[in-house]
Amino acid sequence: MFARIAARYDLLNRLLSLGVDQRWRGELLARAGEVRGRVAVDVCCGTGDVSLLLARSGASVVGIDFTREMLALAARKCGRPARRGPVKDAGSIVFAHGDALSLPVRSGSADLATIAFGIRNVEDRGAGLREMARVLRPGGLLLVLEFGLPPDRRLAAAYHLYFRKVLPRLGALVSGDREAYRYLPESVAAWPGPVEFERDIERAGFSGCGHRSLSGGIASLHWGSVPGARLADTRAPA
């Protein structure tokens, strides 16, 4: 499904969110703090928007996705080929084909793991969260962006109307794929609330977990850290 819509994916993200998706990714970057000199793994990286934000801020980034067509577009944005095998040494940015449940990254090799609007598509989100914990060093930070349902009744009613009626039709018109843009609202409706998902992150072994609602609860930014040394103690030498 994601392979079929890859060519129009970025356009539809901007169009269907009225550009707000870029602000949400900016919130993720702000929460990450100083990333220069750190190693980041961007899981379900898609066309590379978060990966590029991190790299432009000075991180060495490994972007990983299951859909080769998305990776090809991500690589084209920064002029880098997508790798097929396990990642050993990341440069400023590299993209690799891989499964979120079996990341091609060494254990304890990253300072930061991010996943933006992707954990909802992982078959076993608990296993996916534990896999991200595996690749992080002690003190490493996890950041997750995901959709949600607004708690305010009036906003929820307007959002429901847009998400159920307008978005699938517009998405199908622009992408030519009805199934993909029916899947999006259905998967968001089935997604647990932010409090329950925060518990999922804690159960995966993270500490200091929290979340913040964005745009009235349309999306949420979640975070947690691998127990151990503070992230500041793991900074790579300049």
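Start by colouring the chain by pLDDT, the predictor's confidence in each residue, from 0 to 100. The average over the chain is 84, and 83% of the residues score at least 70. Next select residues 231–238, where the pLDDT is below 50. Beyond near neighbours in sequence, this stretch has 14 contacts in the model, a contact being heavy atoms within 4.5 Å. Where pLDDT is low, the predicted coordinates should not be read in detail.

This is a predicted model, in which local features need pLDDT of at least 70 and side-chain atom pairs count only at pLDDT 80 or more, while totals for chains, interfaces and linings use all residues. Residues are numbered from 1 along each chain as its sequence is written, and side-chain values use heavy atoms, with hydrogens and water left out.

**The cores**

Select Trp-24, Leu-54, Leu-112 and Leu-145. These touch the most other members of the largest nonpolar core, which has 34 residues. A nonpolar core here is a set of buried Ala, Val, Leu, Ile, Met, Phe, Trp, Tyr and Cys residues joined through side-chain atoms within 4.5 Å. Buried means under 20% relative accessible area, exposed over 50%, and partly exposed in between (1.4 Å probe, protein chains only).

Stay on Leu-54 and show its surroundings. With neighbours within four places in sequence left aside, Leu-54 is in contact with Leu-29, Val-35, Ala-40, Ala-59, Val-61, Leu-112 and Thr-114. Another core, of 27 residues, lies apart from the largest one; Val-94, Val-105, Val-135 and Val-144 are among its members.

**The salt bridges**

The structure holds eight salt bridges, each a side-chain nitrogen of Lys or Arg within 4 Å of a carboxyl oxygen of Asp or Glu. Helices (H or I, at least four residues) and strands (E, at least two) are DSSP runs, numbered from the N terminus.

Select Glu-27 and Arg-212. The closest N and O atoms of this salt bridge are 2.4 Å apart. Glu-27 sits in helix α2 (residues 20–32) and Arg-212 in strand β7 (residues 207–214), so the pair ties together parts that are 185 residues apart in sequence. Glu-27 is partly exposed at a relative accessible area of 26%, and Arg-212 is partly exposed at 37%.

Move to Lys-77 and Asp-49, whose side chains meet in a salt bridge at 2.7 Å, N to O. Lys-77 belongs to helix α4 (residues 68–78) and Asp-49 to helix α3 (residues 49–56), so this pair ties together parts that are 28 residues apart in sequence. Lys-77 is partly exposed, with 33% relative accessibility, whereas Asp-49 is buried at 15%.

Then select Asp-111 and Arg-137, a salt bridge with its closest N and O atoms 2.7 Å apart. Asp-111 is in strand β5 (residues 110–116) and Arg-137 in strand β6 (residues 136–147), 26 residues apart. Asp-111 is buried, at 0% relative accessibility; Arg-137 is partly exposed, at 23%.

**Two backbone stops**

Go to Phe-117, in the loop between β5 and α5 (125–135). Its phi is near 60°, a positive value in a residue other than glycine. Phe-117 is buried, at 10% relative accessibility.

Finish at Ser-215, in the loop between β7 and β8 (219–225). The phi of Ser-215 is near 50°, again positive in a residue other than glycine. Ser-215 is partly exposed, at 29% relative accessibility.
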